[in-house]
Amino acid sequence: MTVARVLGTLGKTVIALGLMILLFGIFQLWGTGIIEARAQQSLDNEFADLLEASSALGPAAPVAPAVPVAPATPAPTPTASVSEPTDELPAEGSLPASTAPGATPIPTPAATPEPVGDPLQPDPAWLAMLYRDNGSAIARIQLPAIDVDKTVVEGVRVGDLRKGPGHYPTTAFPGQAGNAAIAGHRTTYGAPFGEIDKLLPDDEIIITTIQGEFTYRVLPQGEGHGHLIVSPTAVEVLDQDFSVHPNRLTLTACHPKGSARQRIIVIAELVGEPAPTYPRPGQESLPTVELATENLEEAIDSQQTITATPAPEPTEQAAPTPATTTEPTEQAATAPTATPEPTEQAAPTPATTTEPTEAAVAAAPVSAPNDDPPDPMPLPEAPQEAESAGSFGEGLDGDSDGLIPAILWGLAALAIWFFALFAGQRWKRLPAYALSALPFLIVMFMAFWHIDRVLPSY
């Protein structure tokens, strides 16, 4: 009897575990699709409203600067009355310049237009619509070859990719210059990239943002395929390398289907010119995308050499003496601009010094005789590399922060399960199981939600 009870309990436990796995499979294959479909419906309406609102706040078109033009001199008009003739004529040269024969009238200067703001700078409200927070709709992606039409959100976190394809924030914005990258699932949450392995070279990928519609063409990879397979650590395909991947679009997903063992990559190239790139809100200028080729140490030495030799101090009475002049000659003495005699306080002129021009003299810094030497000019900051992605994002790699909530919700579901068994033995089984079914399913749904968050999504 003891062996029979142990085997019976073990059989019930195995059946319960099998039921849990079955429910989890149903949640991932169908439940996640329902969640994604509802999120996409909301995102479609959000993106449609975004397009309508941004159309009225788009960046201003370039405006040509106004050039002042001198007003034309009006032709003299005959007077109605005739003056009486006089015996005396005006003396020669007594006529005013404006009425003298053959004289050129002096135009009056035109009014200078008031300065206006930068006509190319977009409206801040429009810029906020372009660069949005994570989880917000930013674009629409269409893959006609595999019948895909989805709204893209910003971010590749687990919660972002549950809504649809997500844009990697560390890459260029879709449609702009650079390598824009978008991730998506192949099996769960609507499987937006479920068939990207069927894309062939020259297939079109259409991206629509508030900056317009952009068409990309898939590039061939390997033996005529439109994709390549990489390891989960090959994140270099996401780097913003403008020299290697100019104006491209990179699609990423897990591979093979139902597994996160590898990554499938599709690279497409933009057809036509990219959209203008603007700094993100809070960013003073665009990020540097290329490293300078000059040696920083040489730049430092060169800068110190420049600041160590101060420019010659200009004087109001005389100009510097050229290097080839030794003693003043008679011709120099009779020249209109004579060279002053050197004094004991004058510094020797270097051999390579040539006579500076008026512009160079005006641009040379002027310092007091007893002042300290000028401080060295600040060295230019070394350009920084563009930010690189460290992984394919939580949406594909999994988020370990969901482990604790998954365990807690699982323990809560297990407690409800044992409570139903205990109530069935002390009371009636059918009513006890019926009353416990709804709370159990709700708690199990939350446990599955967090378990899916922890596991690599595919």
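**Figure 1. Secondary structure and overall make-up of the chain.** In this predicted model, the chain contains 9 helices and 9 strands. Among the contacts with a separation of 6 or more, 71% are between residues 24 or more positions apart.

**Figure 2. The largest nonpolar core of the chain.** This core has 38 residues, and I141, L143, I196, I205 and L251 are those with the most contacts inside it. Strand β1, which covers residues 137-143, gives the most to this core, contributing 5 residues. A second, separate core is made up of 17 residues, including Y168, A181, L219 and A234.

**Figure 3. The surroundings of I141.** When neighbours within four places in sequence are left aside, I141 is in contact with a set of residues that includes V148, V152, I182, F193, I205 and L251. Also among the contacts of I141 are D149 and K150, as well as P165, I206 and I207.

**Figure 4. The buried residue E154 in strand β2.** E154 belongs to strand β2, which covers residues 148-154, and E154 is buried yet has no salt bridge. The nearest side chain of opposite charge is that of R280, 4.1 Å away, whereas a salt bridge requires the nitrogen and the carboxyl oxygen to be within 4 Å. The side chain of E154 does make a polar contact with the side chain of H167, at 2.9 Å. Neighbours within four places in sequence aside, E154 is in contact with residues among them R132, D133, N134, G135, S136 and I138, and also with D160, H167, P169 and R280.

Technical notes. Residues are numbered from 1 along each chain as its sequence is written. This is a predicted model: local features need pLDDT of at least 70, side-chain atom pairs count only at pLDDT 80 or more; totals for chains, interfaces and linings use all residues. Side-chain values use heavy atoms; hydrogens and water are left out. Helices (H or I, at least four residues) and strands (E, at least two) are DSSP runs, numbered from the N terminus. Buried means under 20% relative accessible area, exposed over 50%, partly exposed in between (1.4 Å probe, protein chains only). Lys and Arg count as positive and Asp and Glu as negative; His and the chain ends are not counted. A polar contact is a pair of N or O atoms within 3.5 Å; within protein, one must be able to donate a hydrogen and the other to accept it, and residues adjacent in sequence count only if both atoms are side-chain atoms. Contact means heavy atoms within 4.5 Å. A nonpolar core is a set of buried Ala, Val, Leu, Ile, Met, Phe, Trp, Tyr and Cys residues joined through side-chain atoms within 4.5 Å.
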